[in-house]
Amino acid sequence: MTVKQYLLDKIDKGTIHVTLLDPEDQTPEKAAEMAKTMQDAGTDAFFIGGSTGITSENLGSTAKAIKEATGLPVLYFPGSPEALSNEVDAILFMSILNSKDPRFITAGQAFAAPIVKKLGIEPISMGYIIVEPGMTVAKVTQTKVIPRDNPEKAVAYAMAGEMLGMSLIYLEAGSGAGAPVPPEMIAAVKKNIGVPLIVGGGIRTPETAAAAHKARADVVVTGPIVEESGDTKLLKDIVSAAKGL
Ligand code: 1GP
């Protein structure tokens with residue numbers, strides 16, 4: 001089965017939770033240990049990526065360690081096209097729809113496409129939309145963030161992504177955002193697209209995870225809580241809230 005089908009089948013039954021790990025932040029062994037903790041908390045898959053510092057080496061060794069420890073799918077969430085590894089199960093082949101830099105809209109993708117094909121990695125097309133505050137990823141990618149109080153603009157970009165043929169849409173507030181994507185924006189986008197909606201950035205409490213679930217996000221992504229928190233009960237509560245359990 002393709003990774004895309006695995007995700008679609010799961011989403012069909014309700015909101016899923018994905019854990020994002022940055023391979024630059026810890027050894028592969030530590031990443032595997034954290035991944036196991038998140039699997040025990042109920043996470044469904046892993047994204048590996050970060051805005052800077054990803055190499056084919058740290059990407060490959062981290063993906064391999066996580067797969068061996070959990071057996072769950074590992075998707076590359078690329079910050080740039082330079083690093084690639086066939087240890088990942090799939091790549092989120094994404095375009096930042098509201099970036100102002102062609103490198104992040106189609107040029108980086110043109111660079112990466114032949115390599116992705118050669119390595120035999122499953123590409124999953126995704127329209128990525130960065131919402132205020134946007135944090136590091138917005139700065140690095142020259143993105144004009146969608147204001148938090150402008151859900152119509154987020155809807156328009158998401159609809160454009162779907163009409164361009166993207167099979168997933170991702171609303172991103174940025175890693176470490178003080179406030180996640182507003183639930184009203186998630187709900188408005190979800191109402192207007194037919195493809196699965198991923199939401200991430202700044203979700204680190206059961207309440208914010210539950211709000212994303214209630215607004216009908218299909219996938220809720222959390223990052224450093226796993227790195228920062230030794231509190232396995234909190235991790236479980238966040239994952240359960242994201243999944244509406
Ligand atoms: C994934 O960037 C996020 O969309 C991760 O955000 O690190 O704030 O959980 P956090």
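Helices (H or I, at least four residues) and strands (E, at least two) are DSSP runs, numbered from the N terminus. Pro133 sits in the loop between β5 (122–130) and α5. The model is predicted: local features need pLDDT of at least 70, side-chain atom pairs count only at pLDDT 80 or more, and totals for chains, interfaces and linings use all residues. Residues are numbered from 1 along each chain as its sequence is written, and side-chain values use heavy atoms, with hydrogens and water left out.

**Overall fold**
- The protein chain has ten helices and eight strands. Its radius of gyration (taken over C-alpha atoms) is 16 Å, close to the 18 Å that the globule rule gives for 245 residues, so the chain is as compact as a globular protein of that length. The globule rule is 2.2 Å times the number of residues to the power 0.38.
- The C-alpha trace spans about 45 × 45 × 35 Å along its principal axes.
- Of the 245 residues, 53% are buried, where buried means under 20% relative accessible area, exposed over 50%, and partly exposed in between (1.4 Å probe, protein chains only).
- Contact means heavy atoms within 4.5 Å. Among contacts between residues at least 6 apart in sequence, 73% join residues at least 24 apart.
- The chain exposes about 10400 Å², and carbon and sulfur atoms supply 56% of it. Accessible areas come from the Shrake-Rupley method with a 1.4 Å probe; for residues, only the protein chains shown count as cover.

**Largest pocket**
- On a 1 Å grid over the protein atoms alone, a pocket is an open set of points with protein on both sides within 12 Å along at least five of seven lines, while a cavity is a set where a 1.4 Å probe fits but cannot get out; lining residues have an atom within 4 Å of a point.
- The largest pocket holds about 780 Å³ of space; a volume is the space filled by probe spheres set on the points, which are joined across faces, edges and corners.
- Its lining has 48 residues, and Gly50, Ser51, Phe77, Tyr128 and Val137 lie nearest the centre.
- Elements that each supply at least two lining residues include β1 (16–21), β4 (90–96), α4 (102–119) and α5 (135–140).
- By class, the pocket lining has 22 nonpolar, 19 polar and seven charged residues. Ala, Val, Leu, Ile, Met, Phe, Trp, Tyr, Cys and Pro count as nonpolar, Asp, Glu, Lys and Arg as charged, and the others, Gly among them, as polar.

**Cavity**
- One cavity of 30 Å³ or more is found in the whole structure, and the largest cavity has a volume of about 40 Å³.
- Leu7, Ile11, Val18, Phe47, Leu168, Ile198 and Val219 line the largest cavity; seven lining residues are nonpolar, with no polar and no charged ones.

- The peptide bond from Glu132 to Pro133 is cis, with omega near 10°.
- Pro147 is in the loop between α5 and α6 (151–163) and is partly exposed at 28% relative accessibility.
- Beyond neighbours within four places in sequence, Pro147 is in contact with Glu132, Lys153 and Met185.
- Met185 is buried in helix α7 (residues 183–192), as are Ile186, Ala188, Val189 and Lys190. Cover for the buried residues of α7 includes α6, β6, β7 (197–200) and α8 (206–214).

- Gln142, in the loop between α5 and α6, has phi near 55° and is partly exposed at 47%.
- Arg216, in the loop between α8 and β8, has phi near 80° and is partly exposed at 49%.
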